[in-house]
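The sequence and coordinates come first.

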Amino acid sequence: MTHCAPPVLGFAAYSGTGKTTLLTKLIPLLKAKSLQIGLIKHSHHDFEIDKPGKDSYELRKSGANPVLLVSKYRRAIVEELPQDEVKLTDQLAALSGVELDLILVEGFRHEAFPKIELHRPTLGKPLLQPSDPWIIAVASDSPLATPPDCPWLDLNDTDSIADFILYQFLSRSQ
């Protein structure tokens, strides 16, 4: 049996719009449909998931790359990357052996893949959608002065956003 790559859907928005907040509400709704959901979150900041003094941190700092930290509860792979800008395709390859129904992506807004734009007019930022043909819907917390050239979703109606995703990407409804 051949495993097909799962569909990928991004959430694009300016910082402070609520991407993570929406995803933490959306993922349980999709999981309730018995879907396996993967997530890739892009950060523009350096981060550590381990702390100085911990064995895995010290082993990585001594030159081990990657380091796989595992317990009966979870596993994490810490891998040093070249300091070039990361590409979504490289990150998707890291999930290639995992059985997933859908991969959600927070960030990578300038790359070419299907995205839902989150927009809050009160933040005073322009819509991304007019210049990004990969935006398939705009989710906003209030109607927009100029309607987008794609479906409009209510950012506060997570159930409707989940239904849109199920219909568009998984041919499942309700």
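This is a predicted model: local features need pLDDT of at least 70, side-chain atom pairs count only at pLDDT 80 or more; totals for chains, interfaces and linings use all residues.

**Overall fold**

The protein contains four helices and eight strands. Read from the N terminus, these elements follow the order β-α-β-α-β-β-α-β-β-β-β-α. The C-alpha trace spans about 55 × 40 × 25 Å along its principal axes. Of the 174 residues, 34% count as buried. The accessible surface comes to about 11,300 Å², and carbon and sulfur atoms account for 53% of it. Among contacts between residues at least 6 apart in sequence, 53% join residues at least 24 apart.

**The sheet**

Six strands form an open sheet with parallel pairing, in the order E2-E5-E1-E6-E7-E8. Strand E2 (37-41) and strand E8 (152-154) stand at its edges; each has a single partner strand, so one side of each is left without a neighbour in the sheet. On average, neighbouring strands of this sheet are turned by 25° against each other, direction ignored.

Strand E1 pairs in parallel with E5 through four bridges and in parallel with E6 through three bridges.

| Residue | Opposite residue | Strand of the opposite residue |
|---|---|---|
| Phe 11 | Glu 106 | E5 |
| Ala 12 | Glu 117 | E6 |
| Leu 69 | Ala 76 | E4 |

How many of the residues of E1 are buried? Five of the five are, so E1 is largely enclosed by the rest of the structure. In a regular strand, side chains alternate between the two faces of the sheet. In E1, Val 8, Gly 10 and Ala 12 are on one side and Leu 9 and Phe 11 on the other, and both faces are covered. Helix H1 lies across E1, E2, E5 and E6, and runs at about 170° to E5.

**A hairpin**

Strand E3 (residues 67-70) and strand E4 (residues 75-78) pair in the antiparallel sense, with four bridges between them. The two strands form a hairpin, and four residues lie between them.

**Nonpolar cores**

Which residues of the largest nonpolar core touch the most other members? In this core of 24 residues, they are Phe 11, Leu 30, Ile 116 and Ile 165. At least two residues of the core come from each of strand E1 (8-12), helix H1 (19-31), strand E5 (102-106), strand E6 (115-119), strand E7 (135-140) and helix H4 (158-170). The most comes from H4, which gives seven residues. Another core, of eight residues, lies apart from this one and has Ile 40, Leu 100, Val 105 and Phe 113 among its members.

The contacts of Ile 116, leaving out residues up to four places away in sequence, include Leu 9, Gly 10, Phe 11 and Ala 12. Ile 136, Ala 137 and Ala 139 are also touched by Ile 116, as are Leu 153, Ile 161, Phe 164 and Ile 165.

**Thr 17**

Thr 17 is located in the loop between E1 and H1. Is this residue buried or exposed? Its relative accessible area is 3%, so Thr 17 is buried, the cut-off being under 20%. A polar atom of the Thr 17 side chain lies 2.6 Å from the backbone oxygen of Tyr 14. Apart from neighbours within four places in sequence, Thr 17 is in contact with Leu 118, His 119, Arg 120, Leu 123 and Leu 155.

**Ala 93**

Ala 93 belongs to helix H3 (residues 88-93). Its relative accessibility is 48%, so Ala 93 counts as partly exposed, because that class lies between 20% and 50%. Ala 93 and Ala 5 are 88 residues apart along the chain, and their C-alpha atoms are separated by 9.9 Å.

Note on methods:
Residues are numbered from 1 along each chain as its sequence is written. Side-chain values use heavy atoms; hydrogens and water are left out. A nonpolar core is a set of buried Ala, Val, Leu, Ile, Met, Phe, Trp, Tyr and Cys residues joined through side-chain atoms within 4.5 Å. Buried means under 20% relative accessible area, exposed over 50%, partly exposed in between (1.4 Å probe, protein chains only). Contact means heavy atoms within 4.5 Å. Two strands pair if DSSP finds at least two bridges between them. A polar contact is a pair of N or O atoms within 3.5 Å; within protein, one must be able to donate a hydrogen and the other to accept it, and residues adjacent in sequence count only if both atoms are side-chain atoms. Axes are lines fitted to C-alpha atoms, for helices over the stretch in contact, and angles run from 0 to 180 degrees between N-to-C directions. Accessible areas come from the Shrake-Rupley method with a 1.4 Å probe; for residues, only the protein chains shown count as cover.
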